Amino acid sequence: MTGYKEKQFIKIEPIEAFQDNYIWLIHNDQNCIVIDPGDANPVIEVLKRKSLSLAAILITHHHADHIGGVSQLHKKYPDITIYAPEKDKYDFVNISLKNGDEINIPELQINYKIIEIPGHTQGHIAYYDMKNLFCGDTLFACGCGRIFDGTHEQMYNSLKKISALPKETKVYCAHEYTKKNIAFALSLKPHDMNLKLRSEFTSKLKITVPSSLDEELRTNPFLNCDSLETFKKLRDLKDQY
Ligand SMILES: [Zn+2]
């Protein structure tokens, strides 16, 4: 043995839950974390199958389809750490996070920076490791989240915040809405070449996430609003679509 620490291979895989949710699994073939486990059962099944040890749960926001499995997982794996947004109230013990915080997952040798991205909800946060962004229900592939307890202005600013990250950033959202989102975008811009290409490419895929921020900047209508008013109108149109 030497003091040299081999660089670990980190894998990021979706665990499908409910109709269209993705619970993100991040692991090194030994230890793992999960993001937004709305349902414990598919997580337990995958952990068993891959013989992974759960180190932590990361929560982006308080909706039931993102936290529904937390208590059951905590009961089954009592040593885990649970991270969640400071602005939300949770009935499970957690380490609360705000904008600019950093968390370290020693088991995976990963650090995440916390970025507050309210709009879908007031307390919504994203986890960013300088390459991958786990943004819950804020930025979707070719779309964005609905406005629940946040505001349009918050969402507009949060999308601006995400847009300023490096273009190579991989975007891991929490739902498979991409095909519907592209159809909506094409209804607004039926001749857009980038959208047509994205539609063609996506139609061959079952799992369309992650995308890259670069691709979102080129094709996502919600990232191309020049004012809050335009964004509001677009969000309303999509709500009725
Ligand atoms: Zn949500």
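User: Where is Gln 109 found?

Analyst: Gln 109 lies in the loop between β7 (102-105) and β8 (110-116), where strands are DSSP runs of E with at least two residues and helices are runs of H or I with at least four, numbered from the N terminus. This is a predicted model in which local features need pLDDT of at least 70 and side-chain atom pairs count only at pLDDT 80 or more, while totals for chains, interfaces and linings use all residues. Residues are numbered from 1 along each chain as its sequence is written, and side-chain values use heavy atoms, with hydrogens and water left out.

User: Why is Gln 109 called partly exposed?

Analyst: Buried means under 20% relative accessible area, exposed means over 50%, and partly exposed is in between, with a 1.4 Å probe and protein chains only. Gln 109 has a relative accessible area of 46%, and therefore counts as partly exposed.

User: What makes Ser 51 count as exposed?

Analyst: Ser 51, which is found in the loop between α1 (40-50) and β4 (53-58), has a relative accessibility of 58%, so it counts as exposed. Ser 51 also has a positive phi of about 50 degrees although it is not a glycine. Most residues other than glycine have a negative phi.

User: Which protein donors does the zinc ion have?

Analyst: The donors are His 61 (NE2), His 63 (ND1), His 120 (NE2) and Asp 137 (OD), at 2.2 to 2.3 Å from the zinc ion. Donors are N, O and S atoms within 2.8 Å of the metal (3.2 Å for Na, K and Ca), and water is not among the atoms, so sites may look incomplete.

User: Why is the arrangement of the four donor atoms called irregular?

Analyst: Four donors count as tetrahedral if all angles lie between 85 and 135 degrees; four count as square planar and six as octahedral if opposite donors are over 155 degrees apart and all others between 65 and 115, and anything else is irregular. Around the zinc ion the angles run from 88 to 169 degrees, which makes the arrangement irregular.

User: How do you know that His 63 is buried?

Analyst: His 63 has a relative accessible area of 16%, so it is buried, and His 61, at 0%, counts as buried as well.

User: What makes α5 oblique to α8?

Analyst: The axes of α5 (residues 178-188) and α8 (residues 228-240) come within 11 Å and cross at roughly 120 degrees. Angles under 35 degrees count as roughly parallel, over 145 as roughly antiparallel, 65 to 115 as roughly perpendicular and the rest as oblique, and therefore α5 is oblique to α8.

Key:
Axes fitted to C-alpha atoms, helices over the stretch in contact; angles between N-to-C directions.
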